[in-house]
There are 2 protein chains.
Amino acid sequence: MNEYAHAAPAAVREKIRAGALTTQTSGMCLGYAQANLAVLPKALAYDFLLFTQRNPKPCPILEVSDVGDPFLKTIAKGCNIASDIPKYRVYRNGELTEETENVEHLWRDDLVAFLIGCSFSFESELLEAGVSVRHIEEGKNVPMYKTNIPCVPAGVFSGNMVVSMRPLPYDQVVKAVNITASMPRVHGTPVHIGDPAAIGIRDLSKPDFGDAVTVRPGETPVFWACGVTPQSIVMHSRPEFCITHAPGHMLITDIKNTDLKF
Amino acid sequence: MNEYAHAAPAAVREKIRAGALTTQTSGMCLGYAQANLAVLPKALAYDFLLFTQRNPKPCPILEVSDVGDPFLKTIAKGCNIASDIPKYRVYRNGELTEETENVEHLWRDDLVAFLIGCSFSFESELLEAGVSVRHIEEGKNVPMYKTNIPCVPAGVFSGNMVVSMRPLPYDQVVKAVNITASMPRVHGTPVHIGDPAAIGIRDLSKPDFGDAVTVRPGETPVFWACGVTPQSIVMHSRPEFCITHAPGHMLITDIKNTDLKF
């Protein structure tokens, strides 16, 4: 059990802000939603916001900051998005130039922060309902794959969807669809159930990101739109400047996973 | 029964485009969703898109056009949004300056069209399920009220929510909540059930827009977020240039109401 499993989100964010906590956030503040981060200059923000509107499954927005303001107002009260994530990645013209624990010195008046829902939230609901989540059972990162499913383009942003995969026994598939249907702000229903080749995936044992997991006899792979999609799309367009969270180092919000149900 | 009740949306849009049909669209193309229109210059489009993202109940976006492109790609194939609505209103610096059946001569390279879901769609589902819709029974326009419920501001846009009201027998309230819960792209669940004073409405018999309807003994008023909200918010900010549909003269889309369910 993580040392911060039952800590309050605000307390953990304070520790992170002080530089006293720089690890991955998986397993911290159980029950609370964690969020992906993409920070872009205002010049690209309209195209990106429109991209998320046109592609809500891979890009479910939890909050968009006001232009130039690093403080969030809704999902994490008092949160400075430039200091409250344990580790950031900084990209210039699409190249990773820096990995750092604080980006306050890089903040600009024209930056907009996008906080995007994460599958951690629906996984906790699946587990709660007795649905197996293989990569958690096996202590691995979820397997993620590039697909041939095109996102709807918006301005400078275009590309294919990235999906995450969880193998399920046939008799748990409908339950998993129903549970995730009630959580559209964290990717919602699966985008595909069954044959990986139908969405352009050649080999389940070779994920593009994360780790391969065991698919047992009597199980079918179930694919959900993945929050890696917006990062992959943004990088593809080689923006002049961009900040993201470092993989696994997410924002811990004040929103309970159960509040992401409607 | 409207002459075009069972016509195909594309055929009706063609008649409208040719100037051969300039009436209100209520009752046309039964089963197909109709949409509200707001056209803004790109300079205001980011703030408006962010406003709709922060206020999805009053502003459920069905489609956003590409900048400068009057042709829609998703909800109405081949539709020229500058000619395919029977009547438009043109505003300059917040003042209504023109009501016209075509805005192609006013189109600009920097305009963005926002198509916003409309309660017509969920009303047809309510009727289908045997839930009464009073203003339809009484042949009136739905009563709409200004409330004290603040929208979440975004950039230059801020203001309170406008709601529509349908009185329901107590034993139909839960059914109506469940039906509209499944249609978040056309306003979703009610924002309030019961005492009008709780949301700042003084007198149900004096709606701010539309017509008053009968509330019978044993009925409670049920309030949904209304698509008039974004228009009211936009006008309040007095934009340099703006085009909307004229009241009741909506875009008839190719999307079936049932496809707005998830």
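Which residues does B:Asn55 touch, not counting residues up to four places away in sequence? They are B:Cys151 and B:Val152. The model is a predicted one.

B:Asn55 sits in the loop between α2 and β2 of chain B. Its relative accessible area is 6%, and because residues under 20% count as buried, B:Asn55 is a buried residue. One of the two residues it touches also comes close through its backbone: the nitrogen of B:Val152 lies 2.8 Å from a polar atom of the B:Asn55 side chain.

**The interface of chain B and chain A**

How many residues does each chain bring to the contact? Chain B brings 15 residues and chain A brings 15 residues. Between them an area of about 1300 Å² is buried, and carbon and sulfur atoms give 61% of that area. On the side of chain B, the residues B:Tyr46, B:Leu49 and B:Gln53 supply 44% of the area that this chain buries against chain A, more than any other three residues.

The rule finds 2 salt bridges across the interface. One of them joins the side chains of A:Asp66 and B:Arg54, with 3.0 Å from N to O.

Three elements of chain B each supply at least two residues of the side that touches chain A: α2 (42-54), β2 (61-64) and β5 (111-116). Helix α2(B) gives the most, with 7 residues. Sorted by class, this side of chain B has 10 nonpolar, 2 polar and 3 charged residues.

**Nonpolar cores**

In soluble globular proteins, nonpolar side chains tend to be buried together. The largest nonpolar core in this model has 66 residues. The residues with the most contacts inside that core are A:Tyr46, A:Phe114, B:Tyr46 and B:Phe114. B:Tyr46 is also one of the three residues named above for the area that chain B buries against chain A.

B:Phe114 touches a residue of the other chain, A:Tyr46. Within chain B, the residues it touches include B:Leu37, B:Ala45, B:Phe48, B:Leu49, B:Ile61 and B:Val64, leaving out residues up to four places away in sequence.

**Helix α3 in the two chains**

In chain B, helix α3 covers residues 120-128, and its buried residues are B:Ser121, B:Phe122, B:Glu123, B:Glu125 and B:Leu126. These buried residues pack against β1 (32-41), α4 (134-137), β7 (160-169), α5 (173-181) and β9 (219-225) of chain B. The helix is followed by B:Gly130, whose phi is positive, near 80°.

In chain A, helix α3 (residues 120-128) holds A:Phe122. A:Phe122 is buried, at a relative accessible area of 0%. Setting aside neighbours within four places in sequence, A:Phe122 is in contact with A:Arg166, A:Thr180, A:Met183, A:Val186, A:His187 and A:Trp224. A:Phe122 and A:His187 are 65 residues apart in sequence, while their C-alpha atoms are 8.4 Å apart in space.

Most residues other than glycine have a negative phi.

| Residue | Phi | Loop | Relative accessible area |
|---|---|---|---|
| A:His187 | about 85° | between α5 (173-181) and β8 (192-193) of chain A | 1% |
| B:Asn93 | about 50° | between β3 (88-92) and β4 (95-100) of chain B | 46% |

A:His187 is buried, whereas B:Asn93 counts as partly exposed.

**A:His192**

Another histidine of chain A, A:His192, lies in strand β8. Is A:His192 buried or exposed? Its relative accessible area is 16%, so A:His192 is buried. A polar atom of its side chain lies 2.8 Å from the backbone oxygen of A:Asp195. Not counting residues up to four places away in sequence, A:His192 touches A:Ala198, A:Ile199, A:Pro221, A:Val222 and A:Phe223.

How values were computed:
Residues numbered from 1 in each chain as written. Chains lettered and ligands numbered in written order. Predicted model: local features only at pLDDT ≥ 70, side-chain atom pairs only at ≥ 80, totals over all residues. Heavy atoms only, no water. Contact = heavy atoms within 4.5 Å. Buried area = accessible area lost by both parts, 1.4 Å probe. Salt bridge = Lys/Arg side-chain N within 4 Å of Asp/Glu carboxyl O. Helix = DSSP H or I, 4+ residues; strand = E, 2+ residues; numbered from the N terminus. Nonpolar A, V, L, I, M, F, W, Y, C, P; charged D, E, K, R; others polar. Core = buried A, V, L, I, M, F, W, Y, C linked by side-chain atoms within 4.5 Å. Buried < 20%, exposed > 50% of the residue type's maximum accessible area, 1.4 Å probe, protein only. Polar contact = N/O pair within 3.5 Å; in protein donor to acceptor, adjacent residues only side chain to side chain.
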